[in-house]
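Here is a short tour of a protein model for you to follow on screen. Please keep the viewer open as you read.

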Amino acid sequence: MFEGGGFGFGFGVGVTVHVLDAPARPAELLPAGVTARPTRLGELMPVVSRTGDEIAVELQRIQVLEARLAAYRAELVGELASRRPDSDDRQVGERGAASPDWRPGPQNEPAPGVSEFFADELAHVLNCSRTAASTLADQCLVLRGFLPGIWCALADGDLDWPRARALAAELGPVARDVEPEVLAGIEAAVLPRATQLSVPGLRAAARAELLRHDEEAAERRRRHAQRRADVTVKPRADGMAELSVFLPRPLAAAVRDTIDRYARIAKADDPSLPLGELRVSALADLVLRPWDTSRPPVTAHLTVLAPLPADADTDAGAGAAPAEVDGQPITVPQLRALLEHLEWLLPGGVRAPAGGSLDLALVDPRTGDLRATATAAQLERLVRRGCPSHPQGGCRCSVLGGPPVTDRYRPSVAQRRFVTMRDRTCRYPGCGNHAGWADLDHVVPHGEGGETSCENLCCLCRRHHRLKTFAPGWRFEMSPDGALAVTTPSGVTRTTRPPGHWAAMGYPAPSREAQLMAQVGGPPSGGGPGYEGVDPPPF
């Protein structure tokens with residue numbers, strides 16, 4: 001227990017912590033009519049008045065507190081996991097069960113006996129990614145279930161969280177296959193010197209002890225690591241991205257050497273280009289194989305998000321005031337002005353990529369709301385045809401809008417195009433799966449009276465579609481403006497909005513040039529080959 005004034009709290013490891021020495025502020029000392037407010041951290045800890053030695057002591061105390069809180073968090077995560085058994089999940093062979101061919105990778109695989117959707121709930125509670133939640137859950141369950149000595153050292157503040165989680169990560173892959181006596185022996189060997197070792201050194205010591213007790217553990221670890229092989233992409237600044245490949249070391253060395261050799265051949269032909277850029281070009285050529293015509297081509301689907309201009313006075317008649325965009329019909333003059341603007345920003349015109357397709361998303365420049373969708377050919381045809389009721393022009397009749405409600409279960413092609421353009425990704429909070437591969441879900445189920453309209457449809461990847469439909473205790477609600485609120489069985493609600501809704505999120509509207517952006521990748525709006533994208537009922 002830390003002694004001193006300030007505030008204190010207790011938690012499950014049986015420890016009460018008092019930190020942040022500061023004099024109390026009795027309510028009776030406040031002026032009449034003034035309500036006591038929470039004390040600011042700067043008032044509790046006047047850091048500038050502390051000596052260097054005192055600051056060092058405070059930092060060490062914080063480290064101990066963080067360790068104890070981490071131990072408490074491990075208890076909480078373990079208890080919540082025990083209340084989400086895999087018996088609540090759909091089993092293989094049942095309707096709505098996860099396909100054995102699309103099980104999550106080892107980094108997202110649930111612990112034995114725990115629901116496959118537990119990591120989604122934990123990520124929702126902690127507002128982090130599912131991968132981060134899966135990693136945390138695995139570390140907590142390993143510490144509480146298999147490494148009690150390490151957890152106790154963490155709870156006592158004798159071992160910090162980075163070292164505790166490193167030991168959990170090192171021993172976790174084999175913890176369920178090793179006798180408890182072996183794990184206890186490893187704990188007894190490494191804990192006395194754990195704080196004197198660096199984190200990599202501690203992992204190496206634990207690995208050496210594991211191999212000393214169990215010679216076959218190395219092969220089990222290798223097989224476990226190989227199952228985690230994957231290729232991922234992380235966006236970076238300035239239009240760049242990082243392509244990451246996790247693969248066996250011999251294969252990685254061979255791939256790197258091959259790329260380097262091709263890059264050096266190209267360097268001899270053009271010494272002015274950096275070797276790193278040539279390595280990237282060599283990798284792209286080897287993977288994409290633009291010269292290979294023996295395989296079916298992979299085509300691109302391009303979506304242009306275009307801000308819709310206000311009506312021009314020239315087509316509205318003498319003395320007519322310009323029409324407002326927000327909530328008003330989309331008129332021929334607006335479409336004509338939009339085509340002219342796109343022609344200026346995209347020299348050569350608005351054209352689909354070779355072998356691919358192109359759609360235009362017309363957004364309100366004031367709110368970011370999606371107003372309508374069309375192909376480039378449809379847009380040009382509407383401008384040429386004009387208003388059918390007023391061929392002479394000068395009207396403000398609507399010639400384009402959102403898709404109408406349909407009385408059948410399956411969304412129309414126009415509805416699918418509109419909703420995928422509006423949502424762009426799976427709408428589950430934190431999920432970035434491309435909308436082109438997603439299902440269109442009735443937020444209010446069709447069988448319960450939910451209509452097939454864009455206001456009741458949203459994009460959900462297959463995993464989160466299954467979660468919404470079959471996982472008990474979850475609640476999904478969508479407002480007319482497209483805001484989707486998702487509530488976990490534990491009562492935590494998070495809301496997502498379609499990308500670009502800057503007005504609803506309190507952001508200022510960007511310039512029209514900034515609003516005009518392109519996204520290349522993912523399947524066309526109808527889904528990829530062999531993938532219809534819309535499940536049969538009851539989804």
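Predicted model: local features only at pLDDT ≥ 70, side-chain atom pairs only at ≥ 80, totals over all residues.

## The nonpolar cores

Let's begin with the largest nonpolar core, which has 43 residues. Leu-143 and Leu-154 are the residues with the most contacts inside this core. Two or more residues come from each of helices H2 (52–82), H3 (118–126), H4 (130–146), H5 (148–155), H6 (161–175), H7 (180–190) and H8 (199–213).

Which residues does Leu-143 contact, leaving aside its neighbours within four places in sequence? They are Pro-148, Ile-150, Trp-151, Leu-154, Trp-161, Ala-164 and Ala-168. In soluble globular proteins, nonpolar side chains tend to be buried together.

Now turn to helix H13, residues 376–385, where Ala-376, Leu-379, Leu-382 and Val-383 are buried. Viewed down the axis of H13, these buried residues fall within an arc of 130 degrees, so they line one face of the helix. An α-helix has 3.6 residues a turn, so residues three or four places apart point the same way.

Arg-384 and Arg-385 are exposed, on the face of H13 turned away from its buried side. Just after H13 comes Gly-386, with a positive phi of about 75 degrees.

## A buried arginine

Finally, have a look at Arg-466 in helix H15, residues 462–470. Is Arg-466 buried or exposed? Arg-466 has a relative accessible area of 8%, so it counts as buried. Not counting residues up to four places away in sequence, Arg-466 touches Gly-96, Ala-97, Ala-98, Glu-116, Phe-117 and Ala-471.

Conventions:
Residues numbered from 1 in each chain as written. Heavy atoms only, no water. Buried < 20%, exposed > 50% of the residue type's maximum accessible area, 1.4 Å probe, protein only. Helix = DSSP H or I, 4+ residues; strand = E, 2+ residues; numbered from the N terminus. Arc of directions from axis to C-beta. Core = buried A, V, L, I, M, F, W, Y, C linked by side-chain atoms within 4.5 Å. Contact = heavy atoms within 4.5 Å.
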